[in-house]
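Open your viewer and follow along, one selection at a time.

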Amino acid sequence: MRFSKPVIAAAALMIAFASCKKDSNSIDTTPNFYFVNGGPAGFDDNLILFPSADTLTFNMIISSTYLPSKEVTIMLSVEDSSRQYYNSVHFTNYQQMPSTAYSFQTSITATTESVYDTIPVKLNKQFLGGEDYMLPVVITSISQYKLDTSRRVLYLHTSGNKLAGIYASTSFKTSYDGDAAGGIISDTATTQLTKNLAPVSSTQSQLDYAELGSNGWKYLLTYANGTFIADVNDVAKSSVKSGSFTIITSTFNPLTKDIYIKSSYKNLSGDERIVEESLTLQK
């Protein structure tokens, strides 16, 4: 019996040590709410491009790190000071988006059935004047749990892409037997189409090439700092004789939005094709 006290003391010490060790490695499973594409890291994912439609819907997604055990009320709002801060830090000049240009639900209830909630934002191009706009939507508050402050802001932004729109296209194609320099014309064709010139970034757009757009051929059109550059995608270049695709001349009128492109390529048999395409903005 004289060994009972030391044994009890040692056992108590081991239990206390085990308890401390367990606490040091414990995992906090408290749900932490945030925008999936929130924060500056998700900026590129939140670029709004209007290819031709007057309105579109962007889905904001709020998530929690763990499934909540009770319903949560999430409040949203627009925080223009975040736009001003973003401009000052990143040396940009995004304008405040007019309130008439957007609408979204400012209060939602996150249920216990999912860690994701989707909030649609409706945007109206007709109320935007062609500038670069920013709409910083913030999670203002949540009724339970925690909020990830580093991803509480979602920076929706638009680009005043000067090329985008619906165009009337007239293309004239001259086919040669061999090189065009030989002057042996085998065929000519004129095609008139309506085309959607869709932006892929703030400065670049893409457009179906002549009548071959159904084959995946695309113009890649860039307009930045007053300079217009026309090229074609890799699908077009890989479909013709290697190294033969050439843009002979290309012009863009920023006032009327008229585009003219003259290009040349040789098919896999070595026969040259010259395509002249004129595009006029319809809307």
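Ala, Val, Leu, Ile, Met, Phe, Trp, Tyr, Cys and Pro count here as nonpolar, Asp, Glu, Lys and Arg as charged, and the others, Gly among them, as polar. This is a predicted model: local features need pLDDT of at least 70, and side-chain atom pairs count only at pLDDT 80 or more, while totals for chains, interfaces and linings use all residues. Residues are numbered from 1 along each chain as its sequence is written, and side-chain values use heavy atoms, without hydrogens and water.

**Stop 1: a pocket.** Select Gly160, Lys162, Ser202, Thr203 and Tyr223. They lie nearest the centre of the second largest pocket, which 12 residues line. The lining divides into 2 nonpolar, 7 polar and 3 charged residues.

**Stop 2: helix 2.** Asp80, Ser82, Arg83, Tyr86 and Asn87 are buried, meaning under 20% relative accessible area with a 1.4 Å probe, protein chains only. They sit on the same side of helix 2, because they cover an arc of only 150 degrees around the axis. That arc is taken from the directions from the helix axis to the C-beta atoms. Phe91 follows helix 2, with a positive phi near 55 degrees.

Stop 3: Select 204-208 and 218-224. Strands 14 and 15 pair antiparallel over 5 bridges; pairing takes at least two DSSP bridges. Gln204 stands opposite Thr222. Leu220 has Asp231 as its bridge partner. Finish at Asn225, in the turn of the hairpin formed by strands 15 and 16; its phi is positive, about 55 degrees.

Key. 1 Å grid on protein atoms, 1.4 Å probe; cavity = no way out; pocket = protein on both sides within 12 Å on 5 of 7 lines; lining within 4 Å. Buried < 20%, exposed > 50% of the residue type's maximum accessible area, 1.4 Å probe, protein only. Helix = DSSP H or I, 4+ residues; strand = E, 2+ residues; numbered from the N terminus.
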